[in-house]
Amino acid sequence: MVQLWGARNMNNLRIALDSLVANRLRSFLTALGIIFGVGAVIAMLAIGRGAKEEIMNQMKLVGVNNIVIKPLEEQKKEEDDKDAKAKNVEQEKKKFSKGLSLDDAHSIRRMLPTVEAISPEMILEHTVIYGSKTRTLKIVGVEPAFFDLNNIALAEGKMFNEEQMNTGDAVCIIGAGVKRKFFISEDPIGKTIKCGPQWLKIVAVTDEKLISSATKENLGIRDYNMDIYIPIRTTLVRYRNPAIRIQEQQGWFSEGGQDVGPQSVHQLDQLVIKVYQPEQLTESAGIISRMLKRRHSDVADFEVSIPEQLLQQQQKTKDVFNIVLSAIAGISLLVGGIGIMNIMLASVLERTKEIGIRMALGAQKKDIVMQFLFEAVLISLSGGIIGIILGVLGAYFVDKAADIKTIVSALSIILSFVLASAVGLIFGISPARKAANQNPIECLRHA
């Protein structure tokens, strides 16, 4: 019985194939809606998946659960009236801020229980010399927590030890890019390299950290591979200008021999704070902002941001965009299905003679149903296969031409194939039933 059912269905499938081959152009035009719909679905899913991975990579770069504090330069208020300026001098002195400093970092670490790690940074720019090679690079004063918060691993060598951190030793860790530029065929560990006025001993090399130029521009981050890292106390002991340090303590600056009022001299170029849980980000950022404001005499010389929340908001925006585009692609599939149903219904009217002859020769209603259902599904599947090819090619073209990252997954291909099959099945049922319900005598009258 099963063999008989299988043989009958194979015969129905063969008849359906013959019919589609005999009407190639009509079959292709019928499948166009499915082709574009499936292609659009795959391309949109690839763009969405690429955008999501890019956001995740950016989150890894800025760190998870991080709060970033950056200094702001106060804008000078120009006073035309010198007398009015003189009267306000004492008031301005009371509002003096030393700027973002290591003391701020220590205070936050001591006072805020939600802080898991904290990483102050001082960034200097100096000429770096090794042998006959010279290049201007950034010298970054950091603590060991910097490497954990920024997901930077060491390829070789050892991290700064406690003694090096506390005494301001002349040691450094170089980025993978620095190694390529200065140490092509030799091991840099143990070598000394001149960074500005200081000779520093290399104790480690970082692992390569791949960051696209677009990501660096969007996030405003440096190329970590081209930095030289030193203990933050080494920055203070060996690089900081003593005159500036005195001005920081006094809080008063001179220009042309005349006092111009207090200025914020920022010791740190960035302060990154990691909290234990994502739920603590907003509350901790608010507490840190209020704490720093009190420490800086209510001078707004810093900004507090939460990169993860900004990236999550960006991801939500992209998700909405992808949903809209996917909905449009879904509508294309729906239109394609309706097109299949319309053409199949018209085909039933054109082929009444064929239906009548088959039924007269002993074909049952279920045979007619299966024949037309096979035709609808085959049109849909062939359109789906072509659509998958176009979708993959379209995603590749978008990636290369528009510089938008796309990732075509096996799941999106399977999903598109299933959708194409479902569309053919659903929209092919009505025409198949209409064909099966034809009166064979009426059909034969068209002969």
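Reader: Cys-195, buried or exposed?
Author: This is a predicted model, and in it Cys-195 counts as buried, at 0% relative accessibility.

Reader: How many disulfides does the count come to, then?
Author: The count is 0.

Reader: And Cys-172, buried or exposed?
Author: Cys-172 is buried, with a relative accessible area of 0%.

Reader: Switching to strands. Which strand does strand 5 pair with?
Author: Strand 5, residues 171-174, pairs with strand 8 in the antiparallel sense, over 2 bridges. Ile-174 stands opposite Ile-228 of strand 8.

Reader: What about strand 3 and strand 8, parallel or antiparallel?
Author: Parallel: strand 3, residues 133-142, pairs with strand 8 over 5 bridges. Val-142 has Pro-231 in strand 8 as its bridge partner.

Reader: How many residues of strand 8 are buried?
Author: 5 of the 5, residues 227-231, so strand 8 is largely enclosed by the rest of the structure.

Reader: Now helices. At what angle do helix 15 and helix 16 cross?
Author: Roughly 150 degrees, and the axes of helix 15 (residues 365-401) and helix 16 (residues 410-436) come within 7 Å. The two helices are therefore roughly antiparallel to each other. Their contact has 18 nonpolar, 6 polar and 1 charged residues.

Reader: Right-handed or left-handed?
Author: Helix 15 passes helix 16 in a right-handed crossing.

Terms used: Residues are numbered from 1 along each chain as its sequence is written. This is a predicted model: local features need pLDDT of at least 70, side-chain atom pairs count only at pLDDT 80 or more; totals for chains, interfaces and linings use all residues. Side-chain values use heavy atoms; hydrogens and water are left out. Axes are lines fitted to C-alpha atoms, for helices over the stretch in contact, and angles run from 0 to 180 degrees between N-to-C directions. Helices (H or I, at least four residues) and strands (E, at least two) are DSSP runs, numbered from the N terminus. Angles under 35 degrees count as roughly parallel, over 145 as roughly antiparallel, 65 to 115 as roughly perpendicular and the rest as oblique. A crossing is left-handed if the near helix is turned anticlockwise from the far one by less than a right angle, and right-handed if clockwise. Ala, Val, Leu, Ile, Met, Phe, Trp, Tyr, Cys and Pro count as nonpolar, Asp, Glu, Lys and Arg as charged, and the others, Gly among them, as polar. Buried means under 20% relative accessible area, exposed over 50%, partly exposed in between (1.4 Å probe, protein chains only). Two strands pair if DSSP finds at least two bridges between them. A disulfide is a pair of cysteine sulfur atoms within 2.5 Å.
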